[in-house]
Amino acid sequence: MYETKIYVGLNDSETMTQHFSTEKYVSILKNVCYSYNVAFSFSIVQGGYFHEDGEYTQETTLVLTLIDTDNETVNEIAKDLCVFFHQESVMITESNVRAYFINERL
């Protein structure tokens, strides 16, 4: 199986601050995934990074995880999230994963 993660920071690209509640951004993320008809999971993480000018920023980030989703769809979702969350860019990571299911019943 193939796993793709899209990292979307919540700080606005111009003001460098988060304008809305994290829950509002989560709602938008869920609606985007629903509109593309993809199965997904996400997590809310805290992180930090350096800008090209050396300025350090900390922010809340949503990490969207997609399994076996075609690249075209991943890129379209990433573009939508970039625009909707007013980001300079979003980061995408890709990796092969070994995934399996266990079913157990009483």
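## A glutamate in a helix

At 32% relative accessibility, Glu76 is classed as partly exposed. That figure comes from a predicted model.

Glu76 has a partner. Its salt bridge is with Lys79, and the closest N and O atoms are 3.7 Å apart. This counts as a salt bridge because the cut-off is 4 Å. Both Glu76 and Lys79 belong to helix α2, which spans residues 71-84. They sit three residues apart, or about one turn of the helix. The salt bridge count for the model is one.

## The overall fold

Step back to the whole chain. It contains two helices and four strands. Along the sequence, they come in the order β-α-β-β-α-β.

The chain has 106 residues, and 32% of them are buried. Its C-alpha atoms fill a box of roughly 55 × 30 × 25 Å along the principal axes.

## Aromatic rings

How many aromatic pairs does the count come to? The count is three. One of these pairs joins Phe50 and Tyr56. Their ring centres are 4.9 Å apart, with 50° between the planes. Two values are used here because a pair of aromatic rings is described by the distance of the centres and the angle of the planes. The pair is called tilted, because stacked needs planes under 30 degrees apart and edge-to-face needs over 60.

The two partners fall into separate exposure classes. Phe50 is exposed, with a relative accessible area of 61%. Tyr56 has 44% and is partly exposed.

Elsewhere, Phe20, Tyr25 and Phe85 make up one aromatic cluster. Lys24 lies over the face of the Phe20 ring, 5.7 Å from the ring centre.

## The largest pocket

What is the volume of the largest pocket? It is about 480 Å³. Its lining is made of 21 residues. Nearest the centre of the pocket are Tyr49, His51, Glu59, Gln87 and Ser89.

Which strand gives the most to this lining? The answer is β2, with five residues. Strands β1 (2-9), β2 (41-50) and β3 (56-67) each supply at least two lining residues. By class, the lining has eight nonpolar, nine polar and four charged residues.

## Sequence distance and space

Now take two pairs of residues, starting with Gly54 and Ser27. They are 27 residues apart in sequence, and their C-alpha atoms are 32 Å apart in space. Gly54 is in the loop between β2 and β3. At 45% relative accessibility, Gly54 is partly exposed.

The second pair is Ile44 and Thr17. These two are also 27 residues apart in sequence, as Gly54 and Ser27 are. In space, the C-alpha atoms of Ile44 and Thr17 are 17 Å apart. Ile44 lies in strand β2. Its relative accessibility is 47%, which counts as partly exposed.

Notes: Residues numbered from 1 in each chain as written. Predicted model: local features only at pLDDT ≥ 70, side-chain atom pairs only at ≥ 80, totals over all residues. Heavy atoms only, no water. Phe/Tyr/Trp six-rings, centres within 6.5 Å; stacked < 30°, edge-to-face > 60°. Buried < 20%, exposed > 50% of the residue type's maximum accessible area, 1.4 Å probe, protein only. Lys NZ or Arg CZ within 6 Å of the ring centre and 35° of its normal. Salt bridge = Lys/Arg side-chain N within 4 Å of Asp/Glu carboxyl O. 1 Å grid on protein atoms, 1.4 Å probe; cavity = no way out; pocket = protein on both sides within 12 Å on 5 of 7 lines; lining within 4 Å. Points joined across faces, edges and corners; volume = space filled by probe spheres on them. Nonpolar A, V, L, I, M, F, W, Y, C, P; charged D, E, K, R; others polar.
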